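Welcome! Let's take a friendly look at a protein model together, piece by piece.

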Amino acid sequence: MGKLRAAQYACSLLGHALQRHGASPELQKQIRQLEGHLSLGRKLLRLGNSADALESAKRAVHLSDVVLRFCITVSHLNRALYFACDNVLWAGKSGLAPHVDQEKWAQRSFRYYLFSLIMNLSRDAYEIRLLMEQESSAGSRRMKGSGGGGVPGGIEPGGPGGPGTPGGGLPQLALKLRLRVLLLARVLRGHPPLLLDVVRNACDLFIPLDKLGLWRCGPGVVGLCGLVSSILSILTLICPWLRLK
């Protein structure tokens, strides 16, 4: 499935590149047809995915963390609805239901897809916040254990740039922001599955945003983001330890 998805978005990216470089209309048409066939094949292989997504939602209901339970359950429910709309689209494109309004069902499908991705990114953000708090607490304990009593970054409350110095508020804010960015980078570097999940969901987000007309990215950006996301998905299949649990 991941290879088909990667091939589909590679065709989308290739079609955009051929159009920009003035390739022959016949070649562009062949690439579009190949992309359409790959999309139809993916829809066929996803006929049972709605049931799998509902089962995943039922399992997520029992999670102890309230935020994770909400985000993951709602994400799986939206995925189930997205796959259901996808099945209707497949029936229309394959000729089993020729009177299906494909534009309407495609819009519904992308709306559910978008909601699912928003929930996935919310879950990622929540897990990042928890890990940053744990890392910050661990750093404070290490500092106390080593006898350091100063503020992280070496800024003393009454020293230069501190709250008591006129105009010291902005440098202190910049330092705090820098420390937060460094902490975020450390957390993501120490948790590759979470980093991959963030990048993959962020890439996927551009697809429904463009298809729904909320943020026009163009076929080139959509193809590139879809290809990167597909490669990351294949990577998690090859290396299961990179999959976010």
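## About the model

This is a predicted model, in which local features need pLDDT of at least 70, side-chain atom pairs count only at pLDDT 80 or more, and totals for chains, interfaces and linings use all residues. Residues are numbered from 1 along each chain as its sequence is written, and side-chain values use heavy atoms, leaving out hydrogens and water.

## Helix H3

Helices here are DSSP runs (H or I, at least four residues), numbered from the N terminus.

Asn49, Ser50, Ala53, Ser56, Ala57 and Ala60 are the buried residues of H3; buried means under 20% relative accessible area, exposed over 50%, and partly exposed in between (1.4 Å probe, protein chains only). Seen down the axis of H3, these buried residues fall within an arc of 120° (taken from the directions from the helix axis to the C-beta atoms), so they line one face of the helix. They pack against helix H2 (25-45) and helix H4 (66-93), with contact meaning heavy atoms within 4.5 Å.

On the face turned away from the buried side, H3 carries the exposed residues Lys58 and Arg59. Asp52 also lies in H3, and Asp52 counts as partly exposed at 48% relative accessibility.

Leu195 lies in helix H7. With a relative accessible area of 33%, Leu195 is partly exposed.

Definitions and conventions: Helix = DSSP H or I, 4+ residues; strand = E, 2+ residues; numbered from the N terminus.
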